[in-house]
Amino acid sequence: MSYHFLLDENVPRSVFRYLKSRGYQVEYVPRGIDDNTVIKLADRRRAVLITRDSDFADETIYAPEEHYGIIVLRIHPPKPRDLVEVLESVLTVIKDFKGKIVVVYRDRIELIE
């Protein structure tokens with residue numbers, strides 16, 4: 001399955017380059033827009049949102065079944081190479097993001113469905 005990814009402004013360019021190099025359609029959200037507008041944009045584009053903003057892991061605000069997928073990168077410190085490595089493992093393990101919030105830590109992946 002080919003995914004369209006929408007990157008929040010807090011995601012480094014290395015993640016953008018990695019996804020592009022793997023043939024995915026990927027773009028950034030416009031700078032300075034609020035979370036509500038970010039998720040609406042992802043939904044309109046049928047894109048999986050990738051962010052470092054932990055607010056998007058709140059299933060009471062962002063009900064997983066209402067979205068095309070949300071990946072929250074919880075890697076600290078957020079070194080670009082580490083973010084790419086964990087994202088690579090997420091893309092290997094999870095084949096369908098629709099209706100899921102995927103919270104990624106350095107040592108584990110949590111799925112909220």
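**Sheet pairing, helix packing and aromatic contacts**

Val104 has Ile109 as its bridge partner in strand 6. The model described here is a predicted one. Strands 5 and 6 are joined by four bridges and run antiparallel, and the two form a hairpin in which four residues lie between them.

Strands of a sheet pair through backbone hydrogen bonds, in either the parallel or the antiparallel sense. Strand 1 and strand 2 pair in the parallel sense over four bridges, and His4 stands opposite Gln25 of strand 2. Strand 1 is also joined to strand 3 (residues 48-51) by three bridges, again with the strands running parallel; here Leu6 stands opposite Leu49 of strand 3.

A pair of aromatic rings is described by the distance of the centres and the angle of the planes. The count of aromatic pairs, with ring centres within 6.5 Å as the criterion, comes to six. One of these is formed by Tyr3 and Phe5, a tilted pair with a centre-to-centre distance of 6.0 Å and 45° between the planes. Both Tyr3 and Phe5 are buried. The rings of Tyr3 and Phe97 have their centres 5.1 Å apart and their planes at 80°, so this pair is edge-to-face. Because Tyr3 lies in the segment before strand 1 (4-7) and Phe97 in the loop between helix 3 (80-93) and strand 5 (101-104), the pair ties together parts that are 94 residues apart in sequence. Phe97 is buried, as is Tyr3. Together with Tyr24, the residues Tyr3, Phe5 and Phe97 form one aromatic cluster.

Charged side chains also sit over aromatic rings. The charged end of Lys98 sits over the ring of Tyr68, at 4.0 Å from the ring centre. For Arg108, the charged end sits over the ring of Tyr105, likewise 4.0 Å from the centre.

His67 is placed in the loop between strand 3 and strand 4. With a relative accessible area of 6%, His67 falls under the 20% cut-off and is therefore buried. A polar contact of 2.9 Å links the side chain of His67 to the side chain of Asp43. When neighbours within four places in sequence are left aside, His67 is in contact with Ile39, Asp43, Tyr62, Lys98 and Gly99. Of these residues, Asp43 provides the side-chain polar contact noted above, and Lys98 has its charged end over the ring of Tyr68.

Methods:
Residues are numbered from 1 along each chain as its sequence is written. This is a predicted model: local features need pLDDT of at least 70, side-chain atom pairs count only at pLDDT 80 or more; totals for chains, interfaces and linings use all residues. Side-chain values use heavy atoms; hydrogens and water are left out. Rings of Phe, Tyr and Trp (its six-membered ring) pair if their centres lie within 6.5 Å; planes under 30 degrees apart count as stacked, over 60 as edge-to-face and the rest as tilted. Buried means under 20% relative accessible area, exposed over 50%, partly exposed in between (1.4 Å probe, protein chains only). A charge sits over a ring if NZ of Lys or CZ of Arg is within 6 Å of the ring centre and within 35 degrees of the ring normal. Two strands pair if DSSP finds at least two bridges between them. A polar contact is a pair of N or O atoms within 3.5 Å; within protein, one must be able to donate a hydrogen and the other to accept it, and residues adjacent in sequence count only if both atoms are side-chain atoms. Contact means heavy atoms within 4.5 Å.
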